[in-house]
Amino acid sequence: MNLIKVNGRLLELLLLNALKGNKAYGYELTNRFAPVYRISSGVIYLALKSLCERGLISRDSELSAGRIRVYYRERRRSLPG
């Protein structure tokens, strides 16, 4: 199988699309993208951090199956006016 190499901005768009209307944790996103794209988990976490810092997504800690997981979700934006 040929893997597709993506740059940072394309990865951010892929992550935003994956989080649209959903929440997911970093490991889940890594498993979703790693089989298709040539991306390490570290690169995914850096992109998630960048999206959080720019206010495009939010992160929340939740207890799931006895573990604390950091979930990422699309940040809701209201339209001006």
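Colleague: In which strand does Ser64 lie?

Modeller: This is a predicted model, and in it Ser64 lies in strand S2, which covers residues 57-64.

Colleague: Is Ser64 buried or exposed, and why?

Modeller: A residue is called buried when its relative accessible area is under 20%. Ser64 has a relative accessibility of 19%, and therefore it counts as buried. As for its surroundings, once the neighbours within four places in sequence are left aside, Ser64 is in contact with Arg69 and Tyr71.

Colleague: Which residue is the bridge partner of Ser64 in S3?

Modeller: The partner of Ser64 in S3 is Arg67.

Colleague: How many bridges join strand S1 to strand S3?

Modeller: Strand S1, residues 23-25, and strand S3, residues 67-74, are joined by three bridges and run antiparallel. In this pairing, Lys23 is the residue that stands opposite Arg73 of S3.

Colleague: Which residues of helix H2 are buried?

Modeller: The general idea comes before the case. An α-helix has 3.6 residues a turn, so residues three or four places apart point the same way. In helix H2, which covers residues 26-33, the buried residues are Gly26, Leu29, Thr30 and Phe33. These residues cover an arc of only 105 degrees around the axis, and so they lie on the same side of H2.

Colleague: What covers the buried residues of H2?

Modeller: The cover includes helix H1 (8-19), strand S1, helix H3 (41-53) and strand S3.

Colleague: What can be said about burial and contacts over the whole chain?

Modeller: The chain has 81 residues, of which 33% count as buried. When contacts between residues at least 6 apart in sequence are taken together, 49% of them join residues at least 24 apart. The surface can be described as well, for the chain exposes about 5,800 Å², and 52% of this area is supplied by carbon and sulfur atoms.

Definitions and conventions
Residues are numbered from 1 along each chain as its sequence is written. This is a predicted model: local features need pLDDT of at least 70, side-chain atom pairs count only at pLDDT 80 or more; totals for chains, interfaces and linings use all residues. Side-chain values use heavy atoms; hydrogens and water are left out. Helices (H or I, at least four residues) and strands (E, at least two) are DSSP runs, numbered from the N terminus. Buried means under 20% relative accessible area, exposed over 50%, partly exposed in between (1.4 Å probe, protein chains only). Contact means heavy atoms within 4.5 Å. Two strands pair if DSSP finds at least two bridges between them. Accessible areas come from the Shrake-Rupley method with a 1.4 Å probe; for residues, only the protein chains shown count as cover. The arc is that of the directions from the helix axis to the C-beta atoms.
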